[in-house]
Amino acid sequence: MRFDVISLFPEQFRILTQEGVVARALGRGIATLRLWNPRDFTHDPHRTVDDRPYGGGPGMVMKAPPLHDAIRAARVAAEAAGCRSRVAYLSPQGRPLSQADIGRIADADGWILLAGRYEGVDERLLEADVDEEWSIGDYVLSGGELPAMVVMDAVIRLLPGALGHAGSALADSHMDGLLDCPHYTRPETLDDGRRVPGVLLSGDHAAIARWRKRQALERTWQRRPDLLAGRDLSKDEQAVLDALEAGAAPRDSAETSGATVRQLTQPPDGVERPESSDQHRSQD
Ligand code: 4HQ
C-alpha cells in the first residue's frame, strides 16, 4: 500500500515513522509514505499557498494551483511505481469513516491524501482532483494532518504482516460490527478486590467464546444501539438481545460479578449516526 500525503506540515508525519505498528510496517515496506509540500509547487517569491476567501469572511483558503500541481506530481510518482492511486480529502464535510470503510480503503493499492489547513481548500480543486472526502468525526481540527494519520494508522495495521499476531485485527472491536468484549490480564485479583470473571479462568474455550460474544452484544446494546439497528442478527444474537430487552439479568451474571461496572436495563438514548448521504463525496 502506497500513501502520498499533500501537507504544508510534512514534519508532523514523523510520528508515524518513529515507533509502533505503523513505523514497523513502513520500515518493512508493507506500506510506503511519501510527503509532498504544496509550498514546493508555488512560483511566487513568498511561496503563497493561501489567500482570502471570495465573498469575504474570516480566515484563509488554500489556493487550488499549488495543490493541483502537488497532486499531479504525487500521481506521476505513484504511477511510475505501478500504483494507480485515488485521491481523498480529509474534512468534517466528508463521509464519516467506519471500520468497513477502512477495510475498503485498505484494498486499494494507493491513496493520495490531501491534508488541508485554514478554512479549507478551494472547492474547484476538490471537484477537479478529489475522488473521495472523508471525516474522522463531527468535530473541527486545525488541520487534516491528524485525520490523515488516523486513517493511515487504521489502514496500515490491517495490511498482511503488519500486526505481530495475525488474529488480532480480526478480533478487534468493530470488525464484526460490534463493540469489543472486556479484556483482563494478571493479577487475578486487584488490591481493591476486583476479580477476573471466573469463566476466563475456566479453560473452557467454548464457554469463553460464548461469554465474550455475549459481552460484546450486551455492551453494544447498552452503549451503541445504533450499531445493532442495521445488523442481520443470528438466532443466538437475537435471543441474547430479546433477554436484554425483557430486562433479564445476564444468564452468566455470576461469572461477571466483581468485574461488572454497570448493569443498565435500558440502552442509553442512542446518538443517531446516519449512513453516508449523497452529500459526501464518494464514488462507491
Ligand atoms: N479538519 N475529519 C479543517 C477536520 C477533519 C475532520 C480537516 C479541519 C480539514 C481544513 N478532517 N481542515 N473532523 O476537522 O477530517
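Mean pLDDT for the chain is 90, and 86% of the residues reach 70 or more. pLDDT is the predictor's confidence in each residue, from 0 to 100. This is a predicted model: local features need pLDDT of at least 70, side-chain atom pairs count only at 80 or more, and totals for chains, interfaces and linings use all residues. Residues are numbered from 1 along each chain as its sequence is written, and side-chain values use heavy atoms, with hydrogens and water left out.

Residues 253-265 have 20 contacts beyond four places in sequence; residues 270-284 have 23. Contact means heavy atoms within 4.5 Å.

Now helix α3, residues 64-80. Helices here are DSSP runs (H or I, at least four residues), strands too (E, at least two), numbered from the N terminus. α3 spans 24 Å from first C-alpha to last, close to the 24 Å expected at 1.5 Å a residue. That expectation is 1.5 Å times one less than the number of residues.

Which residues of α3 are buried? A64, P66, L67, A70, I71, A74, A77 and A78. Buried means under 20% relative accessible area, exposed over 50%, partly exposed in between (1.4 Å probe, protein chains only). Down the axis, the buried residues of α3 fall within an arc of 165°, so they line one face. The arc uses directions from the helix axis to the C-beta atoms. Their cover includes β1, β2 and α5. The face turned away carries exposed V76 and A80. After α3 comes G82, with a positive phi near 80°.

Last, E123, in α5. At 42% relative accessibility, E123 is partly exposed. Its C-alpha is 9.6 Å from that of K63, 60 residues apart along the chain.
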